[in-house]
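Dear colleague,

Please find below the structure that I am handing over to you. My notes on what was found in it follow directly after it.

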Amino acid sequence: MEFSEHIKTANVEDVVLRQPLHPPSRGTLCITGHHLLFSDREEGSSRQVLLLLRNIDAIEKRISVSSGTITIKCKDLHVLQLDIPGMEQCLNIARSIETLSCLDSVSEMYPFFYRPCDANLPDQWGLSSPEKHYSQMKELHDRWRLSTVNREYLVCPSYPPAVIVPKNIDDDMLEKVAKFRQGGRFPVLCYYHRKNGMVIMRSSQLLTGANRKRCREDEQLLQAAIEGSDKGYIIDTRSSQQALQASMTGGGFESKSCYSSWKRLHRQMERGKALQESLIKLVEACGDEYHNMDRWLSKLENSKWLSHVQTALSTAGLLAECVERDGHSVLVYGSEGKDSTLLISTLAQLIMDPYCRTLEGFLALLEREWIQAGHPFQQRCAHSAYSHARLQQESPVFLLLLDCVWQLWRQFPLALGFSEALLLRLATEAYASNYGTFLCNSDQERCVLGLKENTHCLFQALLRPRERDCYSNPLYEHTELAIWPSVHPQSLQLWRGFFLRRTPQARHLEEVQEEIRNMVFKWGKLALS
């Protein structure tokens, strides 16, 4: 596609830009295939604003005979207004934005064109791989193996080519188990707890159906996973009623008679449309400047966002408790196993594992549990809270994860090796990025597009020295202890740094945090000298 076909007016002079926390500025607006660029032309100013078109969630137009106004609402909740002279110029700019911000072809998105001057395309893309993860855990090798049954993505389209499974379950058995699990997502190991040898596995739901079909290979796989232990737990992120309804339409769950060594626990977690609508209501409440405090708190509560945070943290706490305190292995799933399953397995690992709480460990965890494990970022992050488009498969599950991690960071300010700035960066990058990390819905799609050969990896970029300094927590102190979050309502707070970051209060908070950061680094240098 030629981007120029969709650009009738490439630049406009005498445009006024209005943004929260900034005075209005007058300058030149340029539009390219992937960006809006505003350059301030007022004397003594060199200010520029570069906006990735992919970040635009919605635009609103007000047109008069001699001019027009475009309000741009971004997926990262940034809102800006452009006053453009000339009706035709305004309409042309608006049409270009609407078209270029919604490109369907992944290979035409900016990460395939982004070439920073200080970095070449990496020989090795990413921080980890299933092979590297397995090789680092020597303790596993007696009972678990690395299977390449999915090397052609034929067994499970959303899994990576290699996965970790019980050693005495061969690939023929895995293929049969995959046919008995939704989307082929058979149980695979995602975490080994070195303290007691217990594991966390994840999968999708069984396809038992109303006739309660069985798969003996599936039963054998789960039994092999808890060999030497009296029982294991299954955490189903659906209510028992939802699981029963799913069995009426072809889905299902493990029966007690066939999986007698496993105890099933139901913890209902919202997903999909309900979660997306919760985000929309929350952002609407945060953008309302005219309500009194009681009304604002009422709207915040009605959004139910903090309830979702509470449920996610409490379910992850339950999972961690089963492994860390009770000493039992756990299988976790919902329906597809691509959303709430990944959310609570990630949070549980953060609670238990000190390496996952370091900067590099956290990024490797996200790569393993979200990128490689097949969270459909392209579908879930197609729109954010402002879009007028009809909801399809959008759902802010990854944003909910980052909010939960922020709650942990706030409750345990010394235990996490990264800063809030990293979480804010990830929240923006998931929706629109220069990097290829969050493109596509699965490893298979990335492979088909040659994404790893043609784009840069965000996680590798964040670990370069300058970036690492910016996103490290200067107060971090390593601890081997688990960190158990409080989920009482009074312990959970609105993530002001994200949802209210365009307000004066958030700006002051950022300035204070930066001052503390500088002071800590200064003290550190003095101590070393």
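Strand 1 (residues 11–18) and strand 7 (residues 79–85) are paired in the antiparallel sense, over three bridges. Helices (H or I, at least four residues) and strands (E, at least two) are DSSP runs numbered from the N terminus, and two strands pair if DSSP finds at least two bridges between them. Within this pairing, Val16 stands opposite Asp83 of strand 7.

Before the rest, a note on conventions. This is a predicted model, in which local features need pLDDT of at least 70 and side-chain atom pairs count only at pLDDT 80 or more, while totals for chains, interfaces and linings use all residues. Residues are numbered from 1 along each chain as its sequence is written, and side-chain values use heavy atoms, with hydrogens and water left out.

Thr28 is a residue of strand 2 (residues 25–31). Its relative accessibility is 3%, so Thr28 counts as buried (under 20% relative accessible area; exposed is over 50%, partly exposed in between, with a 1.4 Å probe and protein chains only). Apart from neighbours within four places in sequence, Thr28 is in contact (heavy atoms within 4.5 Å) with Asn11, Val12, Glu13, Leu37, Phe38, Ser39 and Arg41. The C-alpha atoms of Thr28 and Asn11 are separated by 6.9 Å, although these residues are 17 apart along the chain.

An open sheet of five strands has the order 10-11-14-12-13 and mixed pairing. Strand 10 (188–192) and strand 13 (262–266) are its edge strands, each pairing on one side only. Neighbouring strands here are turned by 25 degrees against each other on average, direction ignored. Helix 9 (residues 340–352) packs on this sheet and touches strand 10, strand 11 (199–202), strand 12 and strand 14, its direction making about 165 degrees with that of strand 11.

Strands 10 and 11 pair in the antiparallel sense over four bridges, with Ile200 of strand 11 as the bridge partner of Tyr191. Six residues lie between the strands of this hairpin, where Gly197 takes a positive phi near 80 degrees. On its other pairing, strand 11 runs parallel to strand 14, joined by three bridges; the bridge partner of Met201 in strand 14 is Leu331.

The chain as a whole

The chain has 19 helices and 14 strands. Of its 529 residues, 56% count as buried. Along its principal axes the C-alpha trace spans about 75 × 55 × 55 Å.

Yours sincerely

Technical notes: Axes are lines fitted to C-alpha atoms, for helices over the stretch in contact, and angles run from 0 to 180 degrees between N-to-C directions.
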